[in-house]
Every structure is written in structure tokens, then in C-alpha cells.
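Please keep the sequence and the structure in view while reading.

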Amino acid sequence: DGGSGSVSGTGVVTLQPTADGVSIDIGSPLLGGATLDLRDQDIGALAEGFARIVIGIPGTGNGTVTVASTLFRDKVELYGGTITLVEDTFAAQETVQLSARTDIVLGAALTAVGNVTLNAGTAGVTGAITRTAGLLTAPQVTATAITGITLATKTDTLVAHNTGAGSIAITETDALNLADVDTANGSITVTAGGKITATDVD
């Protein structure tokens, strides 16, 4: 607890649990009880200027990751078995990457100045991206899943790939460019508050 911005540097910050299956809480979510608890104060202690912040174990981490209201000043990557946004707003001043071995559940707003990348089902068996509440706001959203993608967005450009049996359903507040959207076996439904440009849709 060194205070806001008390930890500075230009390299990569890596925050990992002691084992693949250990759970992670970010932003002290209500009713949280993870073994690795990264509170708002912990995240706030990281001054702007790091190359990126990596939380979780890339590739093998399979514990649950629960994210409440928090702010990241640098590029951030989260890795886990399931990743769930539960409260208020997950805000980022750079890019965001969420990579889950199974599911990603957006139960709260995610707002990023940079692009957002969502990878569900990285274990290669099952994995869906589901929105239950909140708006995803970013210049470009790239979403990859196996068993379906559901998003509510405020973005300029969407790239979405569903590689298995599952539908893609997007609700956009404004105009939207569907730069590359496809599903192996399912429907694609897009509703927008402005013009839809279907650059590449299969």
C-alpha cells in the first residue's frame, strides 16, 4: 500500500498466483474470496508507463478471475479459466486482452481507450462470450469463441469469430463496421443504432 502511482517502471508487470487453479479477484468485488486478491489500491499503485500488465498465467491458468470496478493505466492482459466482470466499470487507458480457457462473462461495463480483444475457449474444447449487463466501449472489438458470442457494444469496428456451434449476436449503439465476422455453425444477428457496413460476414 505505497499509495497511488508509487510503483513505476517501463517493463512488463506480471502478477501471478502460485498455481494454475488459484482464483483471482481484481478490484475487490463484492462477495469476493479469491486467493489472489488485487485490490483497487494495488492496481492504483502502478504508475502509468509500464509496457503492459499481465495478470494470471498465460496458457495454463485455469482459476476463476473476477473483476470489479477498477482502472488500468497501461495495456492489460488477464488470463484464467473463466473471466467474469461483475460490478460497475472496468476501465483502461490502453488496450485490454481477456483470455479464458472456457467462458468470458461481461456482467458489467468495460470501457477502454485502446482496442479490446476477447478470447474464450483457449483450451480448445468449449468457451462462450456472454454479455449479461453493461456496455463494451472501445475503438475496435475482436472476439473469438467456440460456443457463441453475445455483446452489447459502442465501437467502430468488430471482428468476431465463432469456431464451433454457436451464434453471434451483437447490439451496437451507433454505426458499425463488420470487418470480419463469421461462425462455423450458427446465426449472425446484428442490431445497430446507425449504419452497418458488412465488410466481411460469413
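In this predicted model, strand S13 (residues 116-120) and strand S16 (residues 140-145) pair in the parallel sense over four bridges, and within that pairing Leu118 has Ala143 of S16 as its bridge partner.

| Strand | Partner strand | Sense | Bridges | Opposite residues |
| S1 (residues 12-15) | S4 (residues 52-55) | parallel | four | Val12 and Arg52 |
| S4 | S7 (residues 76-80) | parallel | three | Ile53 and Val76 |

These strands belong to an open sheet of nine strands with parallel pairing, whose order runs S1-S4-S7-S10-S13-S16-S18-S20-S22. S1 and strand S22 (196-198) stand at the edges, and because each has a single partner strand, one side of each is left without a neighbour in the sheet. Direction ignored, neighbouring strands of this sheet are turned against each other by 15° on average.

What aromatic pairing does the structure hold? There is one aromatic pair, formed by Phe72 and Phe90, whose ring centres lie 5.6 Å apart and whose planes meet at 55°, so the pair counts as tilted. The pair links distant parts of the chain, with Phe72 in strand S6 (residues 70-72) and Phe90 in strand S9 (residues 89-92), 18 residues apart.

Notes:
Residues numbered from 1 in each chain as written. Predicted model: local features only at pLDDT ≥ 70, side-chain atom pairs only at ≥ 80, totals over all residues. Heavy atoms only, no water. Phe/Tyr/Trp six-rings, centres within 6.5 Å; stacked < 30°, edge-to-face > 60°. Helix = DSSP H or I, 4+ residues; strand = E, 2+ residues; numbered from the N terminus. Pairing = 2+ DSSP bridges. Axes fitted to C-alpha atoms, helices over the stretch in contact; angles between N-to-C directions.
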